[in-house]
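Subject: Structure for your review

Dear colleague,

I am handing over the structure below and would be glad if you could look through it with the notes that follow. Please set each note against the coordinates as you read.

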Amino acid sequence: MTDHSAPDTGEKRPALIPTTPAGIAQAGELLRAGRLVAFPTETVYGLGADATDDRAVAAIFAAKGRPQFNPLIAHVPDLASAQSWGLFDDRAHDLATQFWPGPLTMVVPRPANSALSLLVSAGLDSIAIRVPGHPVAQAILRTAGKPIAAPSANRSGAVSPTTPHHVLESLGDRVDAIVTGGKCMVGLESTVIDLTGPEAVLLRPGAVLPDEMERLIGPVRLSAGDPTAPKSPGQLESHYAPNAAVRLNASSAEEDEAFLTFGPDRFVFGGTTRLNLSLEGDLNEAAANLFSHLRSLDQSGTRRIAVMPIPEVGLGLAINDRLRRAAAPRS
Ligand code: TXA
Ligand code: MG
């Protein structure tokens with residue numbers, strides 16, 4: 001079995017992989033095996049993992065030490081591939097034709113029954129997709145043959161890395177390999193535009209400018225400076241919320257409750273249905289299962305979901321952050 005967990009001791013050094021054909025092949029192999037590989041794009045270095053592998057995606061969050069599950073960008077080599085993971089309308093199609101490959105990320109609806117990890121979308125019904133232009137990123141994506149989830153390859157709260165040295169400093173002991181492709185040309189994260197609604201909304205400014213996009217698709221609402229606009233994407237509040245009410249820190253389930261458990265199922269179970277996030281109490285596995293289990297319990301038709309306590313350490317911080325949002329009163 002592949003070990004997807006991010007090493008958190010200082011013992012491990014990442015493989016430094018050159019941008020030769022053999023290096024690209026090795027990077028592709030590691031990604032297909034569920035490992036974490038940092039690689040250059042034209043904007044910043046990305047911390048890549050197979051976007052269809054829940055545990056590999058969970059390992060990204062563990063490595064970054066992010067206390068929240070922010071949705072991630074799925075990277076693909078071309079528009080044809082992008083169209084198999086996201087629903088493209090005319091606007092998305094026109095922007096892709098003009099700006100891809102390049103520093104533009106589009107948030108589009110996610111098809112039902114997508115094989116992409118729900119963790120990549122943080123449980124949302126949308127998916128952020130980008131076709132990077134960097135030749136090394138292109139080669140890796142083609143060789144991997146999988147959509148690759150990749151946030152900037154830095155620890156949470158640190159600045160985005162534009163050289164392999166930055167990645168090594170920030171994540172050196174937490175990544176399996178770094179593809180050493182030199183300095184990133186743009187040096188600033190991609191422009192993010194949300195096309196899930198009738199109005200196009202700029203979620204993050206970047207090298208592709210609003211004016212350039214407006215020429216193709218008409219008005220783009222700028223979220224910056226507009227008090228009615230969504231907060232900056234890092235603080236997105238539009239997370240998937242289950243229909244069922246969520247009760248936290250439950251030691252048992254009541255008769256009408258579904259039960260989301262963690263760790264060995266030792267107790268007598270009295271509720272409607274039960275799913276275990278991780279029998280072994282593994283937080284990485286629990287993160288990987290979180291959104292799909294919440295959805296499954298919700299779809300079971302239960303009105304209430306009880307959730308066992310999850311330790312407030314490592315990935316448990318992000319899991320609990322998400323669960324607290326799910327349990328918060330709805331307006
Ligand atoms: O330039 C870049 O975009 C780099 C390189 C590696 O491609 N990646 C990057 O990823 O900056 P990250 O995770 O640091 O930023 C992704 C941004 C976040 O602000 C996130 O909130 C937003 O995209 N995002 C991702 N999926 C989204 C979604 N479904 N809905 C709304 N925003 C989303
Ligand atoms: Mg980032």
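Within strand β6, Arg 130 is the bridge partner of Thr 105, and this belongs to the antiparallel pairing of strand β5 (residues 104-109) with β6, which extends over five bridges. Here strands are DSSP runs (E, at least two residues) and helices are DSSP runs as well (H or I, at least four residues), both numbered from the N terminus, while two strands pair if DSSP finds at least two bridges between them.

Before going further, please note that this is a predicted model, in which local features need pLDDT of at least 70 and side-chain atom pairs count only at pLDDT 80 or more, whereas totals for chains, interfaces and linings use all residues. Residues are numbered from 1 along each chain as its sequence is written, chains are lettered from A and ligands numbered from 1 in the order in which they are written, and side-chain values use heavy atoms, with hydrogens and water left out.

The sheet

β6 also pairs with β4, in the parallel sense and over three bridges; in that pairing Ile 73 stands opposite Ala 128, and Ala 74 stands opposite Ile 129. Five of the five residues of β6 are buried, where buried means under 20% relative accessible area, exposed over 50% and partly exposed in between (1.4 Å probe, protein chains only). In a regular strand the side chains alternate between the two faces of the sheet. In β6, Ser 126, Ala 128 and Arg 130 point one way, Ile 127 and Ile 129 point the other way, and all of them are buried.

The open sheet as a whole is formed by 11 strands in the order β1-β8-β2-β3-β7-β4-β6-β5-β9-β10-β11, with mixed pairing; its edge strands are β1 (15-17) and β11 (220-222), each of which pairs on one side only.

Strand β3 (residues 46-50) is mostly covered, with five of its five residues buried. With strand β2 (residues 37-39) it pairs in the antiparallel sense over three bridges, Val 37 having Gly 48 in β3 as its bridge partner, and a hairpin joins β2 to β3 through six residues. Two bridges also join β3 to strand β7 (residues 148-149), the two strands running antiparallel, and Ala 49 stands opposite Ala 149 in β7.

The loop between β2 and β3 holds Thr 43, which counts as buried because its relative accessibility is 3%. The side chain of Thr 43 makes a polar contact of 2.9 Å with that of Thr 41 and another of 3.2 Å with that of Arg 130. A polar contact is a pair of N or O atoms within 3.5 Å; within protein, one must be able to donate a hydrogen and the other to accept it, and residues adjacent in sequence count only if both atoms are side-chain atoms.

The ligand

Which residues come nearest to ligand 1? Of the 22 residues around it (those with a heavy atom within 4 Å), they are Thr 43, His 75, Ser 126, Ser 190 and Arg 204. Oxygen atoms of ligand 1 lie 2.6 Å from a polar side-chain atom of His 75 and 2.9 Å from one of Arg 204, while a nitrogen atom of ligand 1 is 3.0 Å from an N or O atom in the side chain of Ser 126. Taken alone, ligand 1 exposes 680 Å², of which the protein buries 95%; the areas come from the Shrake-Rupley method with a 1.4 Å probe, and for residues only the protein chains shown count as cover.

Two or more residues of the shell around ligand 1 come from each of β4, β6 (126-130) and β10 (200-204), and β6 gives the most, with three residues.

The aromatic rings

Searching the whole structure gives three aromatic pairs. The rings of Phe 69 and Phe 291 have centres 6.1 Å apart and planes at 70°, so this pair is edge-to-face. Rings of Phe, Tyr and Trp (its six-membered ring) pair if their centres lie within 6.5 Å, and planes under 30 degrees apart count as stacked, over 60 as edge-to-face and the rest as tilted. Phe 69 lies in the loop between α2 (54-64) and β4 (73-75), and Phe 291 lies in helix α8 (residues 283-299), 222 residues apart, so that the pair links distant parts of the chain. Phe 69 and Phe 291 are both buried, and ring pairs link Phe 61, Phe 69 and Phe 291 into a cluster.

With best regards
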